[in-house]
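I opened the model today and kept notes as I went. The entries follow the order in which I looked things up.

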Amino acid sequence: MSTVTVLEKLYGSASPETFEKLYSGLVSGLEVQLSFVGATNRGWVQLQVSGEDETAALSLLDREVGLAPVSVEELKKFSVVQGKVVFPNRSKDELYVDLGVFSPETCDAVVSGMRLCAQLADGKDVPLQELVELFCLYDNMPLEVKIAEDAEEGSKSVEACLSEAQVSLFSGWVGCRFDRLVVLGSLFSDVERAVKLSGHFRDIIRVESLGVLEQVILCKLGTDAVGLIPKLGRYLKSAVLVPFSPKKILEALGGESLG
């Protein structure tokens, strides 16, 4: 029997049953029992897995969902780790990313404003809070980082930068020129339902998923993501909706492309 922490958080519209049903379905072809057993103080989902195919189930969960590192010893220099933004307004100079490390104590990745400017603003000096707004770097936004140093035992933070894949994702979003509406705290099915109920299905191309509770609505050319917030927000009461505007980003960066 194993208790593992997966790289998803319990917040927004989700319930323990949401995750138990989702992950039980994922391992349905295996001889295992899976149950939700709780969440960490930061909301990371914890599951109990047992049965004849326990090892295979854990491997599948790691590959398809991702298992949290848990221990600070797992944070090695140059390792690439998936996390979620936390406390975006804590500092004017650093962005904190929760990696699911809480043993022996919580250790967050810290991306300096200077590094973010180098990666997202072509080196232009842009205030951190402006980057947070432009790139939707709010609480629970999934973010992949590369660790810049070995984390020491007892460390509460470790230096990092955005991974190449993360920069490439943002670059692609900016390059396509279409607005996106980022939804933090709602299931994919709930977002699709909100689009249909609001009558705005003709204004979007598709809904994309970044995580169980993090979705992105890709707008059609000419559709303003900001304008969709009050229309969809009435159906997504527990979610945070934030716009990603390539036009605003290019204006703020002086027309420069990312990376």
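**Entry 1**

I began with Asp108, which has 3% relative accessibility and so counts as buried, the cut-off being under 20%. I keep in mind that this is a predicted model.

Which side chain does Asp108 meet in a salt bridge? I found Arg42, at 3.0 Å from N to O. I then looked up where the two sit. Asp108 is in strand E8 (residues 108–112), and Arg42 is in the loop between E2 and E3, so this pair ties together parts 66 residues apart in sequence.

Asp98 belongs to strand E6, whereas Arg42 is in the loop between strand E2 (33–39) and strand E3 (44–50), so parts 56 residues apart in sequence are tied together. I checked the burial of Asp98 as well. Its relative accessibility is 1%, so Asp98 counts as buried.

Lys9 lies in strand E1 (residues 2–9) and Asp98 in strand E6 (residues 94–98), so the link spans 89 residues of sequence. Lys9 counts as buried too, at 5% relative accessibility.

I summed up the site: Lys9, Arg42, Asp98 and Asp108 are linked in a network of salt bridges. For the whole model I logged a count of nine salt bridges.

**Entry 2: the faces of H2**

Next I took helix H2 (residues 54–64). Which of its residues are buried? I listed Glu54, Ala57, Leu58, Leu60 and Leu61. Looking down the axis of H2, I saw these buried residues fall within an arc of 160 degrees, so they line one face of the helix.

What covers that face? The cover includes E1, helix H1 (16–26), E2 and E3. I then turned to the face pointing away from the buried side. There I found the exposed residues Thr55 and Arg63.

I also checked what comes after the helix. Gly66 follows H2, and its phi is positive, near 100 degrees.

**Entry 3: a four-stranded sheet**

I moved on to a sheet formed by E11 to E14. In what order do its strands lie? I read E12-E13-E11-E14, an open sheet of four strands with antiparallel pairing. Strand E12 (204–209) and strand E14 (240–244) are the edge strands, each pairing on one side only. On average, neighbouring strands are turned by 20 degrees against each other, direction ignored.

Strand E11 (residues 180–184) and E14 run antiparallel and are joined by five bridges. Within this pair I picked out Val182, whose bridge partner in E14 is Val242.

Which helix packs on the sheet? I noted helix H6 (residues 188–198), which touches E11, E12 and strand E13 (214–219). The direction of H6 makes about 165 degrees with that of E12.

Notes:
Residues are numbered from 1 along each chain as its sequence is written. This is a predicted model: local features need pLDDT of at least 70, side-chain atom pairs count only at pLDDT 80 or more; totals for chains, interfaces and linings use all residues. Side-chain values use heavy atoms; hydrogens and water are left out. Two strands pair if DSSP finds at least two bridges between them. Helices (H or I, at least four residues) and strands (E, at least two) are DSSP runs, numbered from the N terminus. Axes are lines fitted to C-alpha atoms, for helices over the stretch in contact, and angles run from 0 to 180 degrees between N-to-C directions. Contact means heavy atoms within 4.5 Å. A salt bridge is a side-chain nitrogen of Lys or Arg within 4 Å of a carboxyl oxygen of Asp or Glu. Buried means under 20% relative accessible area, exposed over 50%, partly exposed in between (1.4 Å probe, protein chains only). The arc is that of the directions from the helix axis to the C-beta atoms.
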